[in-house]
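Open the model in your viewer and keep the selection tool ready. The stops below say what to pick next and what is there.

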Amino acid sequence: MADPAFAWPAGVRAAAAITFDVDAESAILADAPEAAARLSVMTHQAYGPRTGVPRLLGILERRGIRATFFVPGHTADRFPDAVRAIRDRGHEIGHHGYLHEPLFRASAEEEETYLLRGLDALDRVLGVRPEGYRAPWWEATYRTPGLLARHGFRYDSSLMDADLPYLLVTGEGPAARPIVEIPIQWGLDDWEQYAFVPGLTGSGVIESPAKVLELWSLELDAIVAEGGCFVLTMHPFLTGRASRAAALDRLLERMQAVEGLWIAPLCEIAAHAASLGLAPVTHTPPSP
Ligand SMILES: [Zn+2]
């Protein structure tokens, strides 16, 4: 999968991005609107912007690391002060739907409406026009790349078929310029480790942060050895909890000790990948 033309900047062996999906209530409400009446469930989700985000921003600031935060429009409208604090600390803001809408059951018109509603909220609340997109639930469609290109996005981070960024074909004709894909993976997502909302989501197991630190450290070491791109995805309502945030801090310490590891927001990694003249990749659906 990796394009032989891919190279990191001089002096860089591998790259790493720290990313957060600030889902808050939206990821629950998209699937279960009736959960809006469940105060305890809603506060479990609101822990993200209310308590997790300030703790995580403090850790990132102490370490001098800039991260990427994908913010659903609903979160921006509900918790404007928390998301403005993210912006004001110099972190990148990306698009993550409006109400974390699942795209695999959306029509083309609905998918575009969700994109536009999200853009409107990020503009109204933050004055931000995001460069990057991450599909809610990491469920992009074959339409998504073209839609992102038409609306001026420079990169997506929702696909899973590579260890390095690559260029993505977005359609036919000269107007369909390629965008960058920065791949993600379930093994580097905190949802599978920590999410437990009875009757709604999660594995039903709350893992020890020590186990998670080991899992992520092993992947970090192996990706660095291969010169890949380590993209960690977390949710402030999960990793924002005290012992999990402390484990993240230890992982960041470990990362900062790796010589030649470029820790950067996704927009910077995407800009580098876009400069390399890579051959764009086309995804076509398999026949069932
Ligand atoms: Zn999400």
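How many salt bridges does a search of the whole structure find? The search finds 13, a salt bridge being a side-chain nitrogen of Lys or Arg within 4 Å of a carboxyl oxygen of Asp or Glu. This is a predicted model, in which local features need pLDDT of at least 70 and side-chain atom pairs count only at pLDDT 80 or more, while totals for chains, interfaces and linings use all residues. Residues are numbered from 1 along each chain as its sequence is written, and side-chain values use heavy atoms, with hydrogens and water left out.

**Stop 1: salt bridges**

Select Asp249 and Arg63. These two form a salt bridge, with 2.7 Å between the closest N and O atoms. Asp249 belongs to helix H10 (residues 242-256) and Arg63 to helix H2 (residues 39-63), so the pair ties together parts that are 186 residues apart in sequence. Helices (H or I, at least four residues) and strands (E, at least two) are DSSP runs, numbered from the N terminus. Asp249 has a relative accessible area of 22% and is partly exposed; Arg63, at 22%, also counts as partly exposed. For these labels, buried means under 20% relative accessible area, exposed means over 50%, and partly exposed is in between (1.4 Å probe, protein chains only).

Next select Glu268 and Arg66. Their salt bridge has its closest N and O atoms 2.6 Å apart. Glu268 is in helix H11 (residues 266-274) and Arg66 is in the loop between H2 and E2, so this pair ties together parts 202 residues apart in sequence. Glu268 counts as partly exposed at 32% relative accessibility, and Arg66 is partly exposed at 36%.

Now select Arg124 and Asp77. The closest N and O atoms of this salt bridge are 2.9 Å apart. The pair links distant parts of the chain, with Arg124 in helix H5 and Asp77 in helix H3, 47 residues apart. Arg124 is partly exposed, with a relative accessible area of 48%, and Asp77 is partly exposed at 30%.

**Stop 2: helix H5**

Stay with the helix that holds Arg124 and select residues 108-126. H5 has 19 residues and reaches 27 Å from its first C-alpha to its last, close to the 27 Å expected at 1.5 Å a residue. The expected span is 1.5 Å times one less than the number of residues.

Which residues of H5 are buried? They are Glu111, Tyr114, Leu115, Gly118, Leu119, Ala121, Leu122, Val125 and Leu126. They lie on the same side of H5 because they cover an arc of only 160° around the axis; the arc is that of the directions from the helix axis to the C-beta atoms. Show what covers these buried residues: the cover includes strand E2 (68-71), helix H3 (73-78), helix H4 (80-88), strand E3 (92-95), strand E4 (132-133) and helix H6 (144-150). Then step just past H5 to Gly127, which takes a positive phi of about 65°.

**Stop 3**

**Stop 4: positive phi in two loops**

Select Ala24, in the loop between strand E1 (14-21) and helix H1 (26-29). Its phi is near 45°, a positive value in a residue other than glycine. Ala24 counts as buried at 2% relative accessibility.

Move to Trp138, in the loop between E4 and H6. Trp138 has a phi near 55°, positive in a residue other than glycine, and counts as buried at 6% relative accessibility.

Technical notes:
Contact means heavy atoms within 4.5 Å.
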